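Please read them alongside the sequence and the coordinates.

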Amino acid sequence: MNISLSSLIHHRKTINHFTVSCNTNSSPLRFCSAWGSKCAVAGKKKDDIAFIHGCRRWGINTRRALNRLPTTCNSKLSDDEKGILKRKKAEDRMRNMFLEVYHSVLKPELLDDPSFEWTSDSSQWVQQMLDYNVPRGKLMRGLSVIDIYMILKEGEMLSVDELFDSSIVGWCIEWLQAALLVEDDIMDNSHTRRGQACWFRVTKVGKIAVNNGIILFNHISRILKKHFKKKPFRVDLLDLFNEVAFQTASGQMLDLISTTGEEKDLSNYSLHHYRRIALYKTGYYTFYLPVACALLMVGEDLEKHVNVKDVLLDIGIYFQVVDDYLDCFGDPEKTGKTGTDIEDFKCSWLIVKALERANEEQKKILYANPNDVAKVKDVYNDINLQGVFAAYESESYEKLERRVEAHPSKAVQAIWERYVKGISNYKQWL
């Protein structure tokens, strides 16, 4: 299979819809079509009709899923602005559809899993735990699976079943994300996540969150078994999720063992050590996993796409550096979490670069007070670490952008378009 087509950026500018076929209608149904056009059926727009067919097929609550957006564009907007608005509406519609797969399909199935004898208390607890942790984020990892799957189909019409299957796999990644974050917050003793208290800090939860993280991870295999039992890629998907979960947990272990012990020794903190943590803790499950899932679903051998993995993991390291910066300098009201990297003695990009640039007197302050937020930030400000980061971020972004644009894989370009262009505008979170 050849995935070396024209760049995704060009693709996004020239194609403003994708099509799906549905057994209830022999003609293609435009899911994200020209938003201004009307359909003769009851005055509804073509994309709404397609959406209704899909919802009925999957048993999804159509009324809640539609969540109609404004149907007309302001005539004073430029053509470019109208195009942006149309794409935004299409993305919002896809997100709403994706959320309904969670609310109307996956959550009810898991709460009725025949392998466990449910009580009203256990059912209510799991439902609350799922709603609190799984669908709360930006959902970028899960939605990326749909984007990339469409691209790998090379312009073919997506059937409703294919769109549904890619949504299911996307939710498996969101489930993995939820499991990892529940456990990570406990280990880091964090306070907030996604603009709300960490799950283990919710009243009556506490240490039960450890068990809940395990349940969340085990849900992935339950979902894959339920929906892909007869699919040829099911075993490979399960192996992939287990492998990435192991890599991510190992990266978390590297992070944790760097911070344990009564003596806080910064001498082991190096850029090489930092890159290993970022690679395993973030790179694999955030950037490689969505692409690898889509590749498996179209029958590809992952061993033939090592070059795809390499560039995605480098994007992951860039992502982690920006995340470290926001942990220290970001506005918690905007980022949705309170940064604790300094208090927790984390091997972050900031402390590594500070050690490289600090003079002897400044190093003494850092070594003597490694988790004193005020003193560490004073050193950061004295050596203009924010300026150092800005230069690094700009240079790294430009290098990665050139590399991505020259890369033959449109899947790589899809990840860049969905993730990194938003990340690079990090100042919105300061």
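1. The second largest pocket holds about 370 Å³ of space. A pocket here is an open set of points on a 1 Å grid over the protein atoms alone, where a 1.4 Å probe fits and protein lies on both sides within 12 Å along at least five of seven lines. Grid points are joined across faces, edges and corners, and the volume is the space filled by probe spheres set on the points.

2. This is a predicted model, in which local features need pLDDT of at least 70 and side-chain atom pairs pLDDT 80 or more, while totals for chains, interfaces and linings use all residues. Residues are numbered from 1 along each chain as its sequence is written, and side-chain values use heavy atoms, with hydrogens and water left out.

3. Sixteen residues, written 16 in the count, line the second largest pocket; Arg275, Ile317, Tyr318, Tyr392 and Ser396 lie nearest its centre. Lining residues have an atom within 4 Å of a point. At least two lining residues come from each of α10 (271–297), α11 (306–329), α13 (349–357) and α16 (385–406), and α16 gives the most, with 7 residues. The lining divides into 9 nonpolar (Ala, Val, Leu, Ile, Met, Phe, Trp, Tyr, Cys and Pro), 6 charged (Asp, Glu, Lys and Arg) and 1 polar (the others, Gly among them).

4. The protein has 17 helices and 5 strands, taken as DSSP runs (helices H or I, at least four residues; strands E, at least two) and numbered from the N terminus. Of its 430 residues, 51% count as buried, meaning under 20% relative accessible area with a 1.4 Å probe and protein chains only. Among contacts (heavy atoms within 4.5 Å) with a separation of 6 or more, 74% join residues 24 or more positions apart.

5. His227 lies in helix α8 (residues 208–228) and is buried, with a relative accessible area of 18%. Its side chain makes a polar contact with the side chain of Glu109 at 2.7 Å; such a contact is a pair of N or O atoms within 3.5 Å, one able to donate a hydrogen and the other to accept it. Beyond four places in sequence, His227 touches Val105, Leu106, Glu109, Phe164 and Ile168.

6. Ser348 sits in the loop between α12 (332–335) and α13. Its relative accessible area is 6%, so Ser348 is buried. Leaving aside neighbours within four places in sequence, Ser348 is in contact with Tyr274, Asp324 and Asp341.

7. The disulfide count is 0, with a pair of cysteine sulfur atoms within 2.5 Å as the criterion. Cys328 is buried at 9% relative accessibility, and Cys347 is buried at 4%.

Terms used
Buried < 20%, exposed > 50% of the residue type's maximum accessible area, 1.4 Å probe, protein only.
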